[in-house]
Amino acid sequence: MIFITAVFPVKPEHADDWPQISRAFTEACNAEDGCLWFFWSRSVETPTDYVLVEAFRDQDAAVAHVQSEHFRTATSELPAYLTATPRIVNTTLEQDDWSELGEMAVR
């Protein structure tokens with residue numbers, strides 16, 4: 001799978017509204033055939049930072065994602081709400097789902 005994590009530094013005046021601002025993009029991404037997951041979390045240390053965690057089945061699915069109309073729309077509209085360019089980690093993993101964190105196993 002292609003696994004991507006990105007940090008989006010949102011302008012303070014838009015931070016509380018970011019889930020709604022990015023909702024159409026999020027929903028469209030989650031509807032993509034090759035998308036395994038696409039979700040946001042808000043940083044507890046820096047509440048203007050939103051962390052995007054996304055995964056795609058394979059390289060073809062990731063390419064289809066960045067070539068989609070909703071991706072083009074997001075890349076043209078969402079930067080207006082940011083204070084800086086998002087930081088990203090993008091890697092390929094030999095798995096297709098989350099693994100359990102054994103050290104924190106619930107007993």
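**View 1. The largest nonpolar core of this predicted model.** This core has 20 residues. Phe8, Val10, Trp18, Phe25, Phe38, Trp40 and Phe56 touch the most other members. A nonpolar core is a set of buried Ala, Val, Leu, Ile, Met, Phe, Trp, Tyr and Cys residues joined through side-chain atoms within 4.5 Å; buried means under 20% relative accessible area with a 1.4 Å probe, protein chains only. Two or more residues each come from strands E1 (2-9), E2 (35-42) and E3 (49-56) and from helices H2 (23-30) and H3 (59-66). E1 gives the largest share, 4 residues. Helices (H or I, at least four residues) and strands (E, at least two) are DSSP runs, numbered from the N terminus.

Residues are numbered from 1 along each chain as its sequence is written. Local features need pLDDT of at least 70, side-chain atom pairs count only at pLDDT 80 or more, totals for chains, interfaces and linings use all residues, and side-chain values use heavy atoms, with hydrogens and water left out.

**View 2. Trp40 and its contacts.** Trp40 touches Phe8, Trp18, Ser22, Thr26, Tyr50, Val51 and Leu52 (heavy atoms within 4.5 Å). Residues up to four places away in sequence are not counted.

**View 3. A second, separate core.** This core has 5 residues. Among them are Met1, Phe3, Trp37 and Ala55.

**View 4. Residues closest to the centre of the largest pocket.** The pocket is lined by 23 residues. Phe8, Glu54, Phe71, Thr75 and Ile88 are the closest to its centre. H3 gives the largest share of the lining, 5 residues.

Notes:
Buried < 20%, exposed > 50% of the residue type's maximum accessible area, 1.4 Å probe, protein only. 1 Å grid on protein atoms, 1.4 Å probe; cavity = no way out; pocket = protein on both sides within 12 Å on 5 of 7 lines; lining within 4 Å.
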